[in-house]
Amino acid sequence: FGGNPDNVTIFGESAGGTSVAVLCASPFAGGLFHRAILQSPWMFGYMNQLAKPNIIRLKTPMANSSSAEQIGEVWGRASTDESGIAAVAELRKLTPTEVLATKSYYQTGVTIDGWLLPDHPITLFASGRQADVPTMIGTTADEGNYFRRWVQIADRTDFINKLSKFYGEPAEQLADLFLQIGKGDLRDSGSQFVTDAWFVHPARQMLRGMASVKSPAFQYEFAQPSRSYPELGAPHALDLRYVFNTLPNTESRSDDQALADAMTDYWVQFATTGDPNGNGLPHWPQYNADTREFLQLQTKIQIGTNLHNQACDALDEATRGNWGAD
């Protein structure tokens, strides 16, 4: 497109943020890009199960998730009675329409295969084996509210049971913590769990791992509430309209347009130089694992520290040692 092949920025949101994390973690992508932006990287959790890995191993199960091969075999059996190589040959004969008509849901997941992806991205970041490029990682203030309709928790016991399928013994402590944060409201507590466990905590783990490389990292939280659904706060994906500067009805929402303009400037400045600061923008400090400063993006842009610290510390303990490779 006429750009500079020696100054490539990759960025994505949600599963796209996960894809960026994988590209940062894969040795085969080394040197192909020079900046990385991860918006709400979805590194954990599944809608039908609150606590479940969505980055899985090729041949061995991880907690309550089957291996990638097992998932593929279950799906394949819905379309063929063959097994092994013969099953693969039969599946390759299916048309796209036949694939989509398969009744068995194919539960996709990023796969740790020991080759394209040598280990879990969290583990690779922690050991400094990720791409050494300037990196921006952020989340929205109320990620989990986007998923509220799927978060079904009957009571405290049900919450513990759902969490225990992945966390085991720490599930009770985690459930009580999120019930406390959610002030006893089951839906609010479940949404807060999704915000922190699916998005904020993995983001913090990768940001912490950036201390192992020379390139700087920057953290943000998008906190501008939805205009259409203010009861949802700033849910998952709301930041996209601002980043791409495609807000509707901007003539009646000048504050939102000013925020979109600022975010576009931050993103472009980062892509250009590897540092989002400049052009008269409010200062955005580099992430430091000790001070944990981040930029809160809302009508009044300001600096915060220790984003969701209590929940992330508890999740650190609950997930310790969980992300080993095959």
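Which residues of helix α11 (residues 309-318) are buried?

Author: The model is a predicted one, and the account below should be read accordingly. In helix α11, which spans residues 309-318, the buried positions are Ala 311, Cys 312, Leu 315, Asp 316 and Ala 318. Viewed down the axis of α11, these buried residues fall within an arc of 165 degrees, so they line one face of the helix. An α-helix has 3.6 residues a turn, so residues three or four places apart point the same way. The partners of this face can also be named: the buried residues of α11 pack against α6 (156-167), α7 (171-181) and α8 (186-209).

Aromatic residues deserve attention next. One aromatic cluster is formed by Phe 44, Phe 159, Phe 166, Tyr 167, Phe 178 and Phe 193.

In total, the count comes to 21 aromatic pairs. One of them joins Phe 222 and Tyr 242 in a tilted arrangement, with 4.9 Å centre to centre and 55 degrees between the planes. This pair links distant parts of the chain, since Phe 222 belongs to strand β8 (residues 217-222) and Tyr 242 to helix α9 (residues 239-243), 20 residues apart. Both partners are shielded under the cut-off of 20% relative accessible area that defines a buried residue: Phe 222 is buried because its relative accessible area is 0%, and Tyr 242 counts as buried at 2% relative accessibility.

A further tilted pair is that of Trp 267 and Trp 284, with 6.4 Å centre to centre and 45 degrees between the planes. Trp 267 lies in helix α10 (residues 254-273), whereas Trp 284 lies in the loop between α10 and β9 (293-297), so the pair ties together parts that are 17 residues apart in sequence. Trp 267 and Trp 284 are both buried.

Trp 267 leads in turn to Gln 39, which touches it. Gln 39 is found in strand β2 (residues 35-39) and, at 1% relative accessibility, counts as buried. Leaving aside residues up to four places away in sequence, its contacts include Phe 11, Gly 12, Glu 13, Ser 14 and Gly 17, as well as Gly 138, Tyr 220, Asp 239, Leu 240 and Val 243.

Note on methods: Residues numbered from 1 in each chain as written. Predicted model: local features only at pLDDT ≥ 70, side-chain atom pairs only at ≥ 80, totals over all residues. Heavy atoms only, no water. Helix = DSSP H or I, 4+ residues; strand = E, 2+ residues; numbered from the N terminus. Buried < 20%, exposed > 50% of the residue type's maximum accessible area, 1.4 Å probe, protein only. Contact = heavy atoms within 4.5 Å. Arc of directions from axis to C-beta. Phe/Tyr/Trp six-rings, centres within 6.5 Å; stacked < 30°, edge-to-face > 60°.
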